[in-house]
Amino acid sequence: MEKNSFEIFERRKYEDNRGNLSETFVLQDFQNKIGHKIKFVQDNIVQSFKNSVRGLHYQVSPKSQGKYVSVIEGEIFDVIVDIRKNSKNFGCSYTFNLSSDNRKSLWVPSGFAHGFLTISRKSTVIYKLTDFYSKNHERSIKWNSKQLLIEWPIKKNILISEKDENAKEFDEIEFD
């Protein structure tokens with residue numbers, strides 16, 4: 001993998017007779033694994049129902065964002081796409097199952113589009129961002145863009161926003 005590539009983290013879990021505690025983020029562990037310092041400026045919580053698709057989203061420079069994604073309820077099929085023009089992996093998509101049960105979190109560096117599909121009854125996703133949301137810099141790729149060949153586990157009865165439904169095909173998008 002190239003420098004600043006995505007990473008999967010497995011959250012620690014501590015249990016006793018009262019229940020459990022899971023560490024969603026430990027700065028020192030995170031920076032050691034990705035190999036450089038990072039500054040997060042915003043946290044978001046997204047709740048979705050089964051068959052909801054969100055994405056594929058990204059922001060262009062100078063407001064590009066890295067995201068650290070964790071699921072605290074339910075399960076999602078998470079997708080990232082390398083949109084770095086000079087990357088040997090340009091246009092490659094990667095998929096992951098993230099859930100509250102498997103306690104996996106995903107680091108999505110800037111230069112990747114990100115989206116997910118809720119495959120459980122509902123999901124609650126939290127993510128940390130390295131830059132603030134900017135309407136002027138946000139972009140979207142159509143979730144089922146023909147050029148990306150993503151094998152979504154659910155393809156019918158999708159719940160999707162009008163913005164995401166009208167997103168551009170991969171070969172039509174703006175890159176940094």
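Predicted model: local features only at pLDDT ≥ 70, side-chain atom pairs only at ≥ 80, totals over all residues.
View 1. Strand β9 covers residues 104-108 and runs antiparallel to β1. Four bridges join these two strands.

**View 2. Five strands form an open sheet.** Their order is β1-β9-β6-β11-β4, and the pairing is antiparallel. The edge strands are β1 (7-10) and β4 (42-49). Each of them pairs on one side only. From one strand to the next, the twist averages 25°.

**View 3. Lys13 and Glu15 meet in a salt bridge.** The N to O distance is 3.9 Å. Lys13 is partly exposed, at 36% relative accessible area. Glu15 is exposed, at 61%.

**View 4. Asp16 and Arg18 meet in a salt bridge.** Here the N to O distance is 2.4 Å. Asp16 is partly exposed, with 38% relative accessibility. Arg18 is exposed, with a relative accessible area of 76%.

**View 5. A salt bridge joins Glu169 and Lys146.** Their closest N and O atoms are 3.8 Å apart. Glu169 lies in the segment after α2 (162-165), and Lys146 in the loop between β12 (138-140) and α2, so the pair ties together parts 23 residues apart in sequence. Glu169 is buried, at 14% relative accessible area. Lys146 is exposed, at 64%.

**View 6. Salt bridges link Arg12, Glu23 and Asp29 in a network.** The model's salt-bridge count comes to 13.

How values were computed
Residues numbered from 1 in each chain as written. Heavy atoms only, no water. Pairing = 2+ DSSP bridges. Axes fitted to C-alpha atoms, helices over the stretch in contact; angles between N-to-C directions. Salt bridge = Lys/Arg side-chain N within 4 Å of Asp/Glu carboxyl O. Buried < 20%, exposed > 50% of the residue type's maximum accessible area, 1.4 Å probe, protein only.
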